[in-house]
Amino acid sequence: MRHALLAAALVLTAVGPAHAQKKPAVDPAIVDKALKGSFATAAPDWQARLDQDETQKLCSQYRNAPPRAVAEAMIAREKANIAYPADGKLMGDWKKGEGLAQSGYGWRFTDYPARNANGGNCYACHQLDKKELSFGTLGPSLLEYGKIRKFTEAEVKAVYERIYNPHAAIPCANMPRMGASKFLTVDQIKDLVAYVMSPESPVNK
Amino acid sequence: MSAHPSLAVLALVLGLSTLAADVRAQDDTEKEVEKYRQMLKADPWSNPALLDADRGEALWKEKRGPKAASLEKCDLGKGPGKVEGAFAELPRYFKDADRVMDLETRIVWCMEKSQGFDRKDILKRPYSKANQSGTELEALATYVASKSNGLTYTPRLRHAKERQTLAIGTALFYRRQGPMDFSCATCHAESGRRIRLQGLPFLGKPEEARKVVGEWPAYRVSQGTVMTMQHRIADCYWQMRLPLIDYGSDATVALTMFLVNQAKGGPITAPTIKR
């Protein structure tokens, strides 16, 4: 499974846009300076959000189509920061997961002081429960995701990892690193895994 | 934790939410907007943004500020006082400021230099709240943009700083950052995608950029007020979990330069009416 994903990821990178390899038209340091200077009135802890980590830098540079060696190193690096539940249980409560999948709350500057728990906002980009018609299409449809994959343990683990840190499977994925960024807690991710992978979840009905 | 002192105000201005109920209502809103569009075809003067354009024209011509001057000597790039067609060539390099400026940045500059207003005062309230008439800046921008209605974008890239601004804007469009790893391209780099039910323009593709970039400033039905490109960009960065971007900042000008170049040759239909 892991190898299949890696192979798929590398195929994707191989057919990436031709301009991805081009030398940047402007020094990234100049771009960073222009951006930083454009948030001059923001507080320092907020300005820090503009700083890129290695993965963000590389995905920007290669426009999400990193060459093979860069992609492999990224997978290894991102995989290393995935934390697993202490009790080893990867599935929580799918009902709570449903609420999290619906909510886009959290970490916008209008979300402070926090009035709600952060939400996974899955429906912004994915189809899940077939009864929910208001779904986005930036990501693939996850309709019957668990059912199609026969609810296997390996697939449950893959979903946990994908939500925690998608770059560990798909380098330069569009999806946020919900666990690695600490945007969602391990328990929240478990609830989302249950929503996607539990046979009782409406996603699989 | 607060990104900016006036965030409470902006929170109301943005007033956006991804709550499911709101998004479900979006489909209905889109139908309502379509009704509006049909009405506009029958009567182009029924667009509420034209009230802002009219008010902007009055503000442009009125003697105001510590210098009791109008903006009629303001050089938007085609010479002092020339408003017609100016928007179609913006952003551009201005020698007096030694900077590339978009329309809104230039309006602030003229209000400072010609009328003697204090920059802090001008920028105290750049964006209107929902269901309010446009701010002075919005009205002025809507007026000037409306004077390029019917023209096409003809960005100039003659000055080195104009070319540099375009390069920075392009890089910013693809730059991933913030706690969610978003770039503009996360949402705007493929055709036919949506967030919930809201369609997203593929701004990396000139054919699609040409259809939408020239629509701004626009009257937004869901907000009941006019929205400019500065505000539009600020909203995207808000959603990216970044702080409030400074009005007229280099990044906003650079992104506008990128968008206008993507939309090169596309029609300027501003002010239009949007969801």
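The points below take the interface between the chains, then a sheet in chain B, then some backbone details.

1. A word on the source to begin with: this is a predicted model, so please read the points below with that in mind.

2. The contact between the two chains draws on 53 residues from chain A and 48 residues from chain B. Putting the chains together buries about 4,600 Å², with carbon and sulfur atoms giving 56% of that area.

3. For charged pairs, the count between chain B and chain A is two salt bridges. One of them joins Arg175(B) to Asp32(A), with 3.0 Å between the closest N and O atoms.

4. Which elements of chain B give two or more residues to the side that touches chain A? They are helices H1 (7-14), H2 (20-42), H7 (160-174), H8 (184-188), H10 (229-239) and H11 (250-262), together with strand E3 (194-195). H7(B) gives the most, with seven residues. Sorted by class, this side of chain B has 27 nonpolar, 11 polar and 10 charged residues.

5. Chain B also has an open sheet of three strands, in the order E6-E5-E7 and with mixed pairing. Strands E6 (225-227) and E7 (272-274) of chain B are the edges, each pairing on one side only. On average, neighbouring strands here are turned by 40° against each other, direction ignored.

6. Within that sheet, strand E5 (218-220) of chain B pairs with E7(B) in the parallel sense over three bridges. Ala218(B) stands opposite Thr272(B), a residue of E7(B). H10(B) packs on the sheet, where it touches E5 and E6 of chain B, and its direction makes about 80° with that of E6(B).

7. Two cis peptide bonds in chain B deserve a look. The bond from Leu90(B) to Pro91(B) is cis, with omega near 0°, and Pro91(B) lies in the loop between helix H3 (49-61) and strand E1 (92-94) of chain B. Another cis bond joins Trp216(B) and Pro217(B), with omega about 0°; Pro217(B) is in the loop between helix H9 (206-212) and E5 of chain B.

8. In chain A, please check two backbone angles. Trp107(A), though not a glycine, has a positive phi of about 70°, and its place is the loop between helices H6 (94-102) and H7 (145-148) of chain A. Phe151(A) also has a positive phi, near 55°, and is in the loop between H7 and helix H8 (153-164) of chain A.

Note on methods: Residues numbered from 1 in each chain as written. Chains lettered and ligands numbered in written order. Predicted model: local features only at pLDDT ≥ 70, side-chain atom pairs only at ≥ 80, totals over all residues. Heavy atoms only, no water. Contact = heavy atoms within 4.5 Å. Buried area = accessible area lost by both parts, 1.4 Å probe. Salt bridge = Lys/Arg side-chain N within 4 Å of Asp/Glu carboxyl O. Helix = DSSP H or I, 4+ residues; strand = E, 2+ residues; numbered from the N terminus. Nonpolar A, V, L, I, M, F, W, Y, C, P; charged D, E, K, R; others polar. Pairing = 2+ DSSP bridges. Axes fitted to C-alpha atoms, helices over the stretch in contact; angles between N-to-C directions.
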